[in-house]
Each structure stands twice: as C-alpha cells, then as structure tokens.
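Subject: Structure handover

Hello,

Here is the structure I promised to pass on. My notes on what turned up follow below it.

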Amino acid sequence: MGFLFFKSKLTSLSLSGILKGAADCHSHILPGVDDGFATMEEALKALDFEEKCGVSDIWCTPHVMEDVPNTTEALQERFACLKASYSGSATIHLGAEYMIDNILTDRIHSGDLLFTGNAMQPMFETRALNEPLQLKPVMTRSSIAGYTPVLAHPERYLYMEMDDYATLLDSGVIFQLNLGSLLGAYGPQVRERAQILLKEGAYSRFGTDAHNLRTLQSIYTEEAFDTKTIESLEKISRI
C-alpha cells in the first residue's frame with residue numbers, strides 16, 4: 001500500500017492512508033451504557049468521522065465489569081438502536097471489554113460472551129497497576145473453552161514485564177494496541193511500552209478506545225507518527 005507523506009517527517013493517521021479499509025477494534029461509541037459516549041447524537045457523529053477517515057469496520061466494545069454490570073441482552077438491544085440510527089457505509093459490530101474480575105469466570109463457563117474480531121475471540125482487560133489473581137486462570141479457562149483471548153491495551157499494565165508479555169503471546173493471546181498510547185495519552189511509560197511492543201510485532205490489531213468525539217478526532221488527526229510507525233501500524237490495521 002502506498003502512503004501519502006508531506007515534507008514533515010511526521011504525519012497523522014488520517015493523512016497517512018492507513019485508515020482506508022481499517023478496523024477500529026476498540027471503542028466506547030455505543031451510547032449510554034458505560035463511561036463512553038453519552039448520547040446517540042454524539043455516537044453518530046463519531047461513526048461519521050470514522051467513516052470519513054476511511055475506517056470500514058468499527059467495534060463497539062462497552063465495559064462489562066462488577067462496577068458496570070452490562071448484560072449481553074441489554075447491550076444487544078442498545079446496539080440494535082444504534083444500527084437502526086446509523087445510515088453510513090462503515091460496518092459496525094458489537095463486542096465487549098470484559099474486566100478480569102470475580103464475575104468473569106461464570107460468563108466464560110456459561111458462554112455468555114460477546115466477541116471482538118473473529119468468532120470466539122473475547123476481549124479482556126485488567127486494572128493498570130495490580131495484576132489480578134484471575135489473570136492466568138481466565139486465560140487458561142478461555143483456551144480450554146475454545147476461545148482465543150484478546151488482551152486490550154497490554155501496554156497500560158505497568159505490573160507486567162517483557163517476559164510476561166512473551167508468555168501471554170506464546171500461549172496464543174492476541175494483543176490489541178490503543179493508538180492513544182503512542183500519543184502519550186496514558187503517560188510516557190505506557191508510550192514507551194507501546195513503541196517497544198509495536199516494534200517487536202507483538203500487536204495483531206489496534207483500536208482508538210475512544211470515549212468521546214474529541215479524543216477520537218485527536219487520535220486520527222494529530223501529526224505525531226513517523227514513517228516506521230505508520231508502516232508497523234498498517235500491518236495490524238485489518239483483522
């Protein structure tokens with residue numbers, strides 16, 4: 001794929017060309033269900049913006065956790081409303097971002113999971129600073145149940161070392177990069193981890209993790225990406 005670059009050494013994702021046909025695999029665009037987009041109007045503006053940037057597939061991945069106990073049925077009903085209101089050309093999908101907590105094991109056991117990406121790929125997250133005791137058991141149970149776990153934004157988990165990342169990858173876990181991590185949205189340490197993992201080819205997909213329109217626009221339009229980073233991101237822009 002050819003890329004459009006300007007005289008500056010840095011460009012934005014929207015200008016680089018890699019968003020054409022790309023998939024945003026992590027967003028909180030589904031309105032009114034978590035700490036993401038609050039209204040249908042704002043959600044539709046976000047979908048329109050993604051579409052104009054060239055994104056062809058957008059995954060709505062609302063939080064599911066003890067503090068945000070969304071049910072699959074309620075999310076499906078809300079997603080049906082979003083689909084009915086959206087008339088653009090991008091394809092929108094319903095997934096979820098499951099916190100690894102005390103209620104997740106029951107969901108895995110019962111098969112009550114939404115998938116992000118290909119079938120049988122549930123997406124999980126953990127808290128940023130403390131490793132949950134359930135991390136390894138959840139990954140193991142997921143694999144036994146026939147799932148391929150997707151770990152959202154692993155660069156944000158500061159309790160992990162590079163050996164921990166390697167162990168997870170070797171066990172078949174898929175890594176999803178938050179694009180905002182490369183912009184320093186979560187601090188310099190997370191940014192450095194994201195750069196290292198991207199360079200090492202650890203990621204298989206990316207997402208915006210956008211909770212509002214301003215963040216989404218900033219991620220796609222900030223001219224902060226060099227040629228090598230763009231080339232690495234292009235390799236994981238589709239699933």
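Start at Leu-151. Beyond its neighbours within four places in sequence, Leu-151 is in contact with Phe-124, Met-139, Tyr-157, Met-160, Leu-168, Val-173, Ile-174, Phe-175 and Gln-176. Keep in mind that this is a predicted model.

Leu-151 sits in strand S7, residues 150-152. Is Leu-151 buried or exposed? Its relative accessible area is 0%, so Leu-151 counts as buried, the cut-off being under 20%. One of its contacts, Phe-124, lies 27 residues away in sequence.

Strand S8 covers residues 174-178 and is joined to S9 by 4 bridges. Phe-175 stands opposite Tyr-203 in S9.

Gln-121 is in the loop that links helix H4 (104-110) to strand S6 (123-125). Gln-121 has a relative accessible area of 9%, so it is buried as well. Leaving aside residues within four places in sequence, Gln-121 is in contact with Phe-115, Thr-116, Thr-148, Val-150, Ile-174 and Arg-205.

Then the core. The largest nonpolar core holds 68 residues. Leu-13, Leu-82, Leu-177, Tyr-220 and Leu-233 have the most contacts inside it. Helix H2 (residues 40-53) gives the most to this core, 6 residues. Take Leu-233 from that group. Not counting residues up to four places away in sequence, Leu-233 touches Leu-13, Ile-18, Leu-177, Leu-179, Leu-182, Leu-198, Phe-206 and Phe-225.

The volume of the largest pocket is about 230 Å³. It is lined by 13 residues, and Leu-135, Lys-136, Asp-164, Thr-167 and Leu-168 are the closest to its centre. Two elements give two or more residues to the lining: helix H5 (135-144) and helix H6 (162-170). H5 supplies the largest share, 5 residues. By class, the lining has 6 nonpolar, 4 polar and 3 charged residues.

Best wishes

Notes:
Residues numbered from 1 in each chain as written. Predicted model: local features only at pLDDT ≥ 70, side-chain atom pairs only at ≥ 80, totals over all residues. Heavy atoms only, no water. Core = buried A, V, L, I, M, F, W, Y, C linked by side-chain atoms within 4.5 Å. Buried < 20%, exposed > 50% of the residue type's maximum accessible area, 1.4 Å probe, protein only. Contact = heavy atoms within 4.5 Å. 1 Å grid on protein atoms, 1.4 Å probe; cavity = no way out; pocket = protein on both sides within 12 Å on 5 of 7 lines; lining within 4 Å. Points joined across faces, edges and corners; volume = space filled by probe spheres on them. Nonpolar A, V, L, I, M, F, W, Y, C, P; charged D, E, K, R; others polar. Pairing = 2+ DSSP bridges.
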